[in-house]
Amino acid sequence: YTPFVAILGLAAVTPATTLGQTRGALRTEVEAAVRAYVDAQNKADAGALAAMYSTQPGVTSIGDGEIIRGWDRIRERMGVLDSLTAMQARLTVTLGSLDITPLGSGFALAIAPYTLTVGAQGGEVKQRGAMTLVLQKIGAEWKIIHDHTSTLPQQSAPAASAAQQTPSQQAGAPAPPPAGTSTPPAPGTPVGSPAVSTPPFH
């Protein structure tokens, strides 16, 4: 009787333990794939980045409302990385906390906040956003079958109070720049660098 109870107990515990080990291995593999994806962006390596996407029909990429369908179109849009290199601009994606959720056998969901920094000779600008990746294990590799990135709107500086405004500002006219300075570029766009968008090619 006692050995039989022990066997039942072992049978009940083993699947849960195995499941935990499997999920742990999945998280390790997916996290490595996601960090390699970000590393390829930071190196402006369009070829390595494209190789991380599945080439099967139905692969999609969405960035701030724009939908890109198919591997060929996704690879085409990655040409912006070459433009950044030509402009001597620096693009850096920094991930926040990475959450990984298994989606059945061979699929996983990865979610993380990120900070995108674009720098050039005129300075640098940062923008925060969020990234979602759906990955499928194909052979021994995890491939991206869908990505979705979005950015938070940049906050403008608060308007000056009426007491601090000049008569022309109170009347609605734009204030002239201080003596000896030139008109600044549009907010969020450093001189000589592209506007910040979602990484890496949206």
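The structure holds 1 aromatic pair. The rings of tyrosine 37 and tyrosine 53 have centres 6.1 Å apart and planes at 65 degrees, so this pair is edge-to-face. Please keep in mind as you read that this is a predicted model.

**The aromatic pair**

- Two quantities describe a pair of aromatic rings: how far apart the centres are, and the angle of the planes.
- Here the angle is 65 degrees, and planes over 60 degrees apart count as edge-to-face.

**The largest pocket**

- The largest pocket holds about 160 Å³ of space.
- Tyr37 turns up again here, as one of the lining residues.
- Also in the lining are Ala33, Val34, Ala36, Ala51, Met52, Leu133, Leu135, Glu141, Trp142, Lys143 and Ile144.
- Helix 1, strand 6 (123-138) and strand 7 (141-151) are the elements that each give two or more residues to this lining.
- Sorted by class, the lining has 10 nonpolar residues, 2 charged residues and no polar ones.

**The chain as a whole**

- You will find 5 helices and 7 strands in the protein chain.
- Starting at the N terminus, the order of these elements is α-α-β-β-α-α-β-β-β-β-β-α.
- Of the 202 residues in the protein chain, 31% are buried.
- Among contacts in the protein chain with a separation of 6 or more, 61% are between residues 24 or more positions apart.
- The protein chain exposes about 12,000 Å², and 60% of that comes from carbon and sulfur atoms.

**Residues in helix 1**

- Arginine 35 lies in helix 1 and counts as partly exposed, at 41% relative accessibility.
- Once neighbours within four places in sequence are left aside, arginine 35 is in contact with Leu95 and Leu98.
- From C-alpha to C-alpha, arginine 35 and leucine 98 are 9.7 Å apart in space, while 63 residues apart in sequence.
- Glutamine 41 also has its place in helix 1.
- Glutamine 41 has a relative accessible area of 1%, so it is buried.
- The C-alpha atom of glutamine 41 is separated by 7.5 Å from that of threonine 92, although these residues are 51 residues apart along the chain.

**A positive phi in a loop**

- Most residues other than glycine have a negative phi.
- Alanine 44 is not a glycine, yet its phi is positive, about 55 degrees.
- The setting of alanine 44 is the loop between helix 1 and helix 2.
- Alanine 44 has a relative accessibility of 25%, so it counts as partly exposed.

**A glycine in strand 1**

- Glycine 63 lies in strand 1.
- With a relative accessibility of 4%, glycine 63 counts as buried, since the cut-off for buried is under 20%.
- Glycine 63 and methionine 131 are 68 residues apart along the chain, and their C-alpha atoms are separated by 9.3 Å.

Notes:
Residues are numbered from 1 along each chain as its sequence is written. This is a predicted model: local features need pLDDT of at least 70, side-chain atom pairs count only at pLDDT 80 or more; totals for chains, interfaces and linings use all residues. Side-chain values use heavy atoms; hydrogens and water are left out. Rings of Phe, Tyr and Trp (its six-membered ring) pair if their centres lie within 6.5 Å; planes under 30 degrees apart count as stacked, over 60 as edge-to-face and the rest as tilted. On a 1 Å grid over the protein atoms alone, a cavity is a set of points where a 1.4 Å probe fits but cannot get out, and a pocket is an open set with protein on both sides within 12 Å along at least five of seven lines; lining residues have an atom within 4 Å of a point. Grid points are joined across faces, edges and corners, and a volume is the space filled by probe spheres set on the points. Helices (H or I, at least four residues) and strands (E, at least two) are DSSP runs, numbered from the N terminus. Ala, Val, Leu, Ile, Met, Phe, Trp, Tyr, Cys and Pro count as nonpolar, Asp, Glu, Lys and Arg as charged, and the others, Gly among them, as polar. Buried means under 20% relative accessible area, exposed over 50%, partly exposed in between (1.4 Å probe, protein chains only). Contact means heavy atoms within 4.5 Å. Accessible areas come from the Shrake-Rupley method with a 1.4 Å probe; for residues, only the protein chains shown count as cover.
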